[in-house]
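I opened my notebook on this one and jotted down each thing I looked up, in the order I got to it.

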Amino acid sequence: QAIVTGEGPVENWASHIADPFAVNGLTSAYVTQFAPSPVAMFAVSGRKFQKSVTPLDLWYGPDRNLWLGPYTQNVPAYLTGELPGDYGWDTAGLGADPTTLEKYREAE
């Protein structure tokens, strides 16, 4: 970082946090050539969006990120997305029994 920008890691981080798009040279070179200059920000269908999406929806619940993304098949029924780290993959069946799972969580 210091060789390219002449700044240390803290200064680079602070400038990136202040304006992430201006600091990254690739952003101005590549992103702007694919996006139309006035980007329209409205719904095409005219219907209002029903559910408000929060950042936690990506990690919890039925629509969470899964271990193979869209290629994930046969998620066990006991993996509902209510626990941290539940990506729909349990080949050893460690979470199948609720009492054993509670003991594992306590030991962790």
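Predicted model: local features only at pLDDT ≥ 70, side-chain atom pairs only at ≥ 80, totals over all residues.

**Entry: Ala 96.** I began with Ala 96, which I found in the loop between H4 and H5. Ala 96 has a relative accessible area of 43%, so I noted it as partly exposed. I then looked at Ala 77, which is 19 residues away from Ala 96 along the chain. Their C-alpha atoms are separated by 8.9 Å.

**Entry: overall layout.** I stepped back to see the elements. The protein has 5 helices and 0 strands, and from the N terminus the order reads α-α-α-α-α. Of the 108 residues, buried ones make up 10%.

**Entry: confidence.** The mean pLDDT of the protein is 74, and 63% of the residues reach 70 or more.

**Entry: aromatic pairs.** I searched the whole structure for aromatic pairs and got 2. One of them joins Trp 59 and Tyr 87, with 6.3 Å from centre to centre and 85 degrees between the planes. That makes the pair edge-to-face. Trp 59 and Tyr 87 both sit in the loop between H4 and H5, yet they are 28 residues apart, and the pair links distant parts of the chain.

Next came Trp 67 and Trp 89. Their ring centres are 5.3 Å apart and their planes stand at 25 degrees, so I logged this pair as stacked, given that the cut-off is under 30 degrees. Trp 67 and Trp 89 also belong to the loop between H4 and H5, so their pair ties together parts that lie 22 residues apart in sequence. Buried or exposed, I wondered, for Trp 89? Trp 89 counts as exposed because its relative accessibility is 54%, and the limit is over 50%. Trp 67, at 39%, counts as partly exposed.

**Entry: Asp 86.** I went on to Asp 86, in the loop between H4 and H5. Its relative accessibility is 10%, so Asp 86 counts as buried. What does the side chain of Asp 86 reach? I found the backbone nitrogen of Thr 80, at 3.4 Å.

**Entry: Asn 74.** Asn 74 is not a glycine, although its phi is positive, about 55 degrees. Asn 74 lies in the loop between H4 and H5. With 73% relative accessibility, Asn 74 counts as exposed.

**Entry: the largest pocket.** The largest pocket has a volume of about 610 Å³. It is lined by 24 residues, and those closest to its centre are Leu 79, Leu 83, Pro 84, Gly 95 and Leu 101. I sorted the lining of the largest pocket by class and got 13 nonpolar, 6 polar and 5 charged residues.

Key:
Residues numbered from 1 in each chain as written. Heavy atoms only, no water. pLDDT = per-residue confidence, 0-100. Phe/Tyr/Trp six-rings, centres within 6.5 Å; stacked < 30°, edge-to-face > 60°. Helix = DSSP H or I, 4+ residues; strand = E, 2+ residues; numbered from the N terminus. Buried < 20%, exposed > 50% of the residue type's maximum accessible area, 1.4 Å probe, protein only. 1 Å grid on protein atoms, 1.4 Å probe; cavity = no way out; pocket = protein on both sides within 12 Å on 5 of 7 lines; lining within 4 Å. Points joined across faces, edges and corners; volume = space filled by probe spheres on them. Nonpolar A, V, L, I, M, F, W, Y, C, P; charged D, E, K, R; others polar. Polar contact = N/O pair within 3.5 Å; in protein donor to acceptor, adjacent residues only side chain to side chain.
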